[in-house]
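Please read them with the structure open beside you.

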Amino acid sequence: MDLPFNLELFGFNVNIHLLLEYLAFFIAYRYYVFLRKRSTDVINSNNRLSIILGAALGALFGSRLVGFLENPLIDLSASNLIQLFNTKTIMGGLFGGLLGVELAKKIIGEKQSSGDLFVFPIILGIFIGRIGCFLSGIDEFTYGKVTASAFGMDLGDGLLRHPTSLYELVFLTILFIALKTIHKTFRLKNGDLFKLFMLSYFGFRFCIEFLKPNVFYTFGLSSIQILCVICWMFYSKFIASLLLGKHAR
């Protein structure tokens with residue numbers, strides 16, 4: 001199969017990445033609804049709806065802000081502004097969604113942790129989206145640097161590059177299984193599962209960024225890597241509790 005992969009339906013070219021992105025949102029949400037019906041949610045329906053709204057708005061803003069910060073020196077022409085608005089990143093979406101949830105909970109006075117129910121739907125959604133990234137090849141800025149290693153693949157420009165989207169698919173599969181095992185084996189405090197997910201995923205993304213051809217750096221780190229550091233700082237108290245063995249109840 002040649003990359004980028006072009007899908008044609010009924011004589012029309014279909015943007016495979018956009019199609020799988022929409023599919024990711026739909027399937028992830030249906031999975032969330034399924035899990036919520038099978039569990040006892042400590043948050044009532046009205047507050048849960050407010051939290052979801054806060055997450056959506058925070059993710060919308062955060063994904064585009066971090067997308068811009070990946071290349072803030074872009075020429076702000078009319079065409080580039082449109083491209084800039086369409087630029088988004090899951091990392092900004094996750095952290096922006098986290099801040100949106102915290103703000104929403106403060107407004108409605110909700111004290112309970114709310115993230116655990118979202119963990120596995122988020123992983124599933126990212127997984128489906130990354131398939132779209134891989135099939136898009138060099139049309140999506142998720143590809144890796146040129147490499148002479150055995151993992152190199154031609155993603156559409158005739159060069160052997162790190163297929164970082166495939167690396168992430170492998171990581172997400174391992175993370176899903178690991179968190180499922182932890183969830184079934186240990187009695188975690190409410191909210192700890194989501195924190196474990198965030199720390200694991202942001203840690204992985206910090207490392208994988210070294211394999212990507214980023215063009216803008218601050219203190220030798222890409223914008224995504226700086227966001228990863230901020231996320232780890234945000235959860236510093238939880239990290240300390242993990243190291244002291246106080247995370248389980």
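This is a predicted model: local features need pLDDT of at least 70, side-chain atom pairs count only at pLDDT 80 or more; totals for chains, interfaces and linings use all residues.

1. Arg130 and Glu168 are both buried. Residues count as buried when their relative accessible area is under 20%. The side chains of Arg130 and Glu168 form a salt bridge, with N and O 2.8 Å apart. Arg130 belongs to helix H5 and Glu168 to helix H6, so this pair ties together parts that are 38 residues apart in sequence. Helix H5 covers residues 119-135 and helix H6 covers residues 164-185.

2. How many salt bridges does the structure hold? The count is four. One of them joins the side chains of Asp157 and Arg161, at 2.8 Å from N to O. Is Asp157 buried or partly exposed? Asp157 counts as partly exposed because its relative accessibility is 31%, and the range for that class lies between 20% and 50%. Arg161 is buried, because its relative accessible area is 11%.

3. Another salt bridge links Glu209 to Arg205, where the closest N and O atoms are 3.5 Å apart. Glu209 is buried, and Arg205 is buried as well. Arg205, Glu209 and Lys212 make up one network, joined by salt bridges that share partners.

4. Rolling a probe the size of a water molecule over the atoms shows where empty space is left. The count is two cavities of 30 Å³ or more. The second largest cavity has a volume of about 30 Å³. Which residues line the second largest cavity? They are Arg130, Thr142, Thr164, Ser165, Glu168, Ile208 and Lys212. By class, the lining has one nonpolar, three polar and three charged residues. Helix H6 gives the largest share of this lining, with three residues.

5. The largest cavity holds about 50 Å³ of space. Its lining consists of Cys133, Phe134, Gly137, Thr142, Tyr143, Leu155, Pro163, Thr164 and Ser165. Five of the residues in this lining are nonpolar, four are polar and none is charged. Helices H5 and H6 each supply at least two residues to the lining of the largest cavity.

6. The last point concerns the surface. Leu9, Phe10 and Phe12 make a nonpolar surface patch of about 410 Å². Where is Phe12 found? Phe12 is in strand E2, which covers residues 12-14. Phe12 counts as exposed because its relative accessibility is 59%, and the cut-off for exposed is over 50%.

Methods: Residues are numbered from 1 along each chain as its sequence is written. Side-chain values use heavy atoms; hydrogens and water are left out. Patches are made of residues with over 30% relative accessible area and no salt bridge: like charges are joined within 9 Å, nonpolar side chains (Val, Leu, Ile, Met, Phe, Trp, Tyr) within 5 Å. Accessible areas come from the Shrake-Rupley method with a 1.4 Å probe; for residues, only the protein chains shown count as cover. Helices (H or I, at least four residues) and strands (E, at least two) are DSSP runs, numbered from the N terminus. Buried means under 20% relative accessible area, exposed over 50%, partly exposed in between (1.4 Å probe, protein chains only). On a 1 Å grid over the protein atoms alone, a cavity is a set of points where a 1.4 Å probe fits but cannot get out, and a pocket is an open set with protein on both sides within 12 Å along at least five of seven lines; lining residues have an atom within 4 Å of a point. Grid points are joined across faces, edges and corners, and a volume is the space filled by probe spheres set on the points. Ala, Val, Leu, Ile, Met, Phe, Trp, Tyr, Cys and Pro count as nonpolar, Asp, Glu, Lys and Arg as charged, and the others, Gly among them, as polar.
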